[in-house]
Structures are given as C-alpha cells and as structure tokens.
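Okay, thanks everyone, I'll keep this short. Have a look at the sequence and the model while I talk.

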Amino acid sequence: MRDCLNAAVYTAKRSAIREFSALAKATPGCVSLTLGEPDFDTPLPVRDAAWDALCSHETHYIENNGARALRERIAAYEHDKNGMDYTADEVIVTAGATEALFVALFGILNPGDEVIIPTPAFVLYEEIVKLCRGVPVFLDTAPDGFQIDAARLSALVTPRTKAILLNSPNNPTGCVYDAESLAAVQSIAAERPLFVICDDVYRQLFYGTEYHSFAEFRALRDRLLLVQSFSKPYAMTGWRMGYLLADAPVKERLELLHQFMVVSTPAPFQRAAIAALEYDPAPLVETYRRRRAYVLSRLDGMGLDYPEPLGAFYAFPSIRRFGLEDREFCTRLIREGGLAVTPGACFGGPGHIRLSYCYGDAELKEGLDRLERFLEKLKQEHGNAN
C-alpha cells in the first residue's frame, strides 16, 4: 500500500537540519550548533500563566481561531509595536509559524501556481509549497549581497506567479532586507494579483538600528499574509504557538483550513501567549547580540567571509575556498572535528555552512575551537587554501 499514498509525499524531503543533528547525536562527544532553538527556558511568567490556566480548568475547546482575549492582545501588540492595523477578527492563532505557513500556502495555491522564494531560505518553504501542489521558483540573492534585485525578481514573474515569500531577518543568513529590496517586491506586488507572505518570526531578534518589514506597505494589506511565532523571541519552541494575520475576506477563508487541520491551539496556552506578549525579551536579545559579536570575531580570526547577520541567531560563512562541497564539509566536520553545523545547500546557499549561536557560551567556544582546528587541518591538506 505504500505506493498508493498521495503523490505529493513521494517528493517530500526530510529536514537536513534534523539529519545533521541526528548524526551529531550519534557521534560520541560531538558538539552541535545546528538547531535554531534558544537555550533559555521559557520565561517564568509565561509558564506561570499556563499553570494558572490549568488550575482554573481551562482545558476545554476554545474558539477555532484562538481565545478572543489572545487575539485582541495580538492585534494590540502588532498595532502598538509594529504599526499594523489588524483587528482581533483578522487573527488566526496557529500551531507555530509552520502551520501558519501551511494554512497560507494551501489557502492560496492551485496546482501549478508558482511561489517565488528568495534563497538562501528556510528548508520548509520549498517542501510546503510542493505539498500544496505549488511550484517553488528560487531567486538567488547571493550575487546581490543577499538582497533582492528588482531585475532578477521581475524576470522570474510569470502568469502563474501566485506569491512571493519573504523571511527577514533571514534564516539562514541573518540578513535583513533593505529599502531597495522591499521596494523591488512592492513594485511587483502592486501591479499583479499576487500575495506576499511575510515570515517575520525573527523580527524581535534584530541588532541594527532601524528595521522595516514588507508588511508596512499597508496599501497592499489585501494581499499581505503576516506570519509570526512565539518560539524564537520567548524561548517557546516546544509550545507550538504562532499566528497568521490576513485581511478579513482572506482570513475568513483561511480560517476554515486551520479549523480542519488542528481545530484550535491548546486552551491553557492562550494565557501563556498573552503573558509572553507582555514580557520584555530584551535581556535575551542582548545575550544573542553578545554571542553574535563573539562568533563573528572568531570567524574573522579564521579568515571566513560571511554576510553581516543583522538579525536572528545564525552566521552563514563561506567555505568554498577549502575545496569541499558543503555536505561533505559538514559530514567530515562531525566525524573528524567533532562539531555539527548545517550545509548551506540545504537552504539553497551552496558553499556555505549555517552556524547557530543560540547556544551557551561554553558550547560556542568549544564548537568554534573545533571548527578552527578542522580548518587548519583542511589548509594543510589543500596546501594552505586561500
């Protein structure tokens, strides 16, 4: 019966992030800097709110789109913090950002519709698009400093283009789209009936001076789909809580998909999510900022080139000069160097590795020490690669 499954499942690929994390776990003594998961525990006020909800017997069905109090708090937060004008009735509380992306893409795609994905990009985008019977179309941003070039973007647009998917700050590069990149997308979106999906889950983890999301183009709100998550800024990866914001007529259709996928997110977590939005994650952000500075200084010392990560908690150095394909590099790094990172090709960025710095100081130091020793070994093998 295996051959009788939905045809879409046969092309789906397992996450390479998990693949290399598993290889690290199977390698005794290996240090892993693969996962984008905060090493902090969920803040106590958030955990206490969930406990209070449980003690108050809030364990029954709630509204499909999330508790009214939470949706009102999300709308107020997005208005006060980010200048968004969504109402509580334009919010769907989802099982993490992943479900929000799945609802958005399944809801807008017909078979054969195309989704432009600037790369490097999070590994799930391509797979979700294909599972929704869409066609991923990749825009390589590497030649343009990991920004979006208007001409390159325009050349990929066809009558089948249904959406452009933006992730800024970006996973895996940490880059943030500048004004020119956002304007390039705006000029395309304003002229055609297509959607722009803004995956802004790393928005709060920004280390620059002035951040802008494409979602700020409010004149295009009827085609904007804004995805957010509680996982990264509040160290809530295991809670699986996120949300999707959409213009009311679009949201009214998308909420049906959410209803049939998960019914609703867990009732006790509604109060926890409200508490999270009232919690200031600034101390966590400052810790990431400090770790970022340390990691970049170490990469500089190793002579590795990388795009400047202005957000998230990843570095994306190039390893091209060592003469190894990045999967081979990462496999050897685990087996010979005792360190796990993720190949850039998994994100559509070959010749790079993704290194996560949401780990403790001791792990980062040991991991980077091992990377440095491995690079010295490669230099000797390749006659001091330049």
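This is a predicted model: local features need pLDDT of at least 70, side-chain atom pairs count only at pLDDT 80 or more; totals for chains, interfaces and linings use all residues.

Residues are numbered from 1 along each chain as its sequence is written, and side-chain values use heavy atoms, with hydrogens and water left out.

So, helices. By helices I mean DSSP runs of H or I with at least four residues, and strands are E runs of at least two, numbered from the N terminus. The axes of α4, residues 96-108, and α8, residues 248-262, come within 9 Å and cross at roughly 125 degrees. That makes α4 oblique to α8. The axes are lines fitted to C-alpha atoms over the stretch in contact, with angles from 0 to 180 degrees between N-to-C directions; under 35 is roughly parallel, over 145 roughly antiparallel, 65 to 115 roughly perpendicular, and the rest oblique.

Who touches whom? From α4 we have E99, F102, V103, F106 and G107, and they meet L254, L257, H258, M261 and V262 of α8, where contact means heavy atoms within 4.5 Å. Sorted by type, the residues in this contact come out as seven nonpolar, two polar and one charged. Nonpolar here is Ala, Val, Leu, Ile, Met, Phe, Trp, Tyr, Cys and Pro, charged is Asp, Glu, Lys and Arg, and the others, Gly among them, are polar.

On to strands. Buried is under 20% relative accessible area, exposed over 50%, partly exposed in between, with a 1.4 Å probe and protein chains only. Strand β2 runs antiparallel to β8, residues 242-246, with four bridges joining them; V93 has Y243 as its bridge partner.

There's also an open three-stranded antiparallel sheet, ordered β9-β12-β11. Its edges are β9 and β11, each pairing on one side only; pairing takes at least two DSSP bridges. Two bridges link β9 to β12, and Y314 stands opposite S356.

Last one: I319, in the loop between β9 and α11. Is I319 buried or exposed? Buried, at a relative accessible area of 0%. Beyond its neighbours within four places in sequence, I319 contacts L324, D326, F329, G351, H352 and I353.
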